[in-house]
Amino acid sequence: MYEDIFELVTIAARKRNLKESTAIAYCHALSPFLNATGKPWQELSVADADDYLTAKRLAGIMPETYNHYYGALRFMYKRVLKLNWDEDEIPRMKRDRSLPTTLSKEEIEAILDTTKNLKYKAIFAVMYSGGLRVSEATHLHYEDISRKNHFIHIRNTKNRMDRYTILADRTLDILTEYWFRCGKPRNILFPSQATGEYLDISAVNQVLRRSAERSGIAKHVTSHAFRHSFASHLLETG
């Protein structure tokens, strides 16, 4: 019923050079809203969006989820429907700002020691060593690792900018062991054993949680905790 509006949203996203995954996420978020209104998309009003988001907020939805819906609706109304979207009248939901989870160097080492799968151990080491997002680590290629200069080349980041980051000796040792023992991959550095394509991020996060539990770490350990820990430890060492 709404395939035509999804196509228009996708086209508008491409015009603004947004990632394909962003356009897909917008369409997924818009689907329950469109079904809830039951209207042809050409008849939508800003009041429909306001009522929908208000109902979500009153139902106790998490701010992150609310703002996910908000972003999709705002994009459709402004970029496709060309209707006035007043952010004072329809505000985002403010998030509670708590300090991010950080791990000590000993906790990082414990997680690496308890990760018996060498591929995932290498991924975790790379994430911590260079402050990589989990998606950046899983999308690394063999040529992105510079053994000579001790750096990692990260391509097409979240902000669509390439960058370089450091590669520690300990991480290089783990990567070298992984590479020789796991088939010497020449294209994707950490290919899925099942498909040969990029690893699923959820699989990496599941292994990380299990390793943290086996290490006896009571903190809520996520892949992003490695990134925060990388930054914190750099500051601690000046």
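Buried means under 20% relative accessible area, exposed over 50%, and partly exposed in between, using a 1.4 Å probe and protein chains only. This is a predicted model, in which local features need pLDDT of at least 70 and side-chain atom pairs count only at pLDDT 80 or more, while totals for chains, interfaces and linings use all residues. Residues are numbered from 1 along each chain as its sequence is written, and side-chain values use heavy atoms, with hydrogens and water left out.

**Salt bridges**

- A search of the whole structure finds ten salt bridges, each being a side-chain nitrogen of Lys or Arg within 4 Å of a carboxyl oxygen of Asp or Glu.
- Arg181 counts as exposed at 62% relative accessibility, whereas Glu177 is partly exposed at 34%.
- Salt bridges that share partners also join Glu109, Asp113 and Arg170 into one network.
- Helices (H or I, at least four residues) and strands (E, at least two) are DSSP runs, numbered from the N terminus.

- Arg155 forms a salt bridge with Asp144, with the closest N and O atoms 2.5 Å apart.
- This pair links distant parts of the chain, eleven residues apart, with Arg155 in the loop between β2 (151-154) and β3 (163-166) and Asp144 in the loop between α7 (134-138) and β1 (145-146).
- Asp144 is buried, with a relative accessible area of 2%, whereas Arg155 is partly exposed at 41%.
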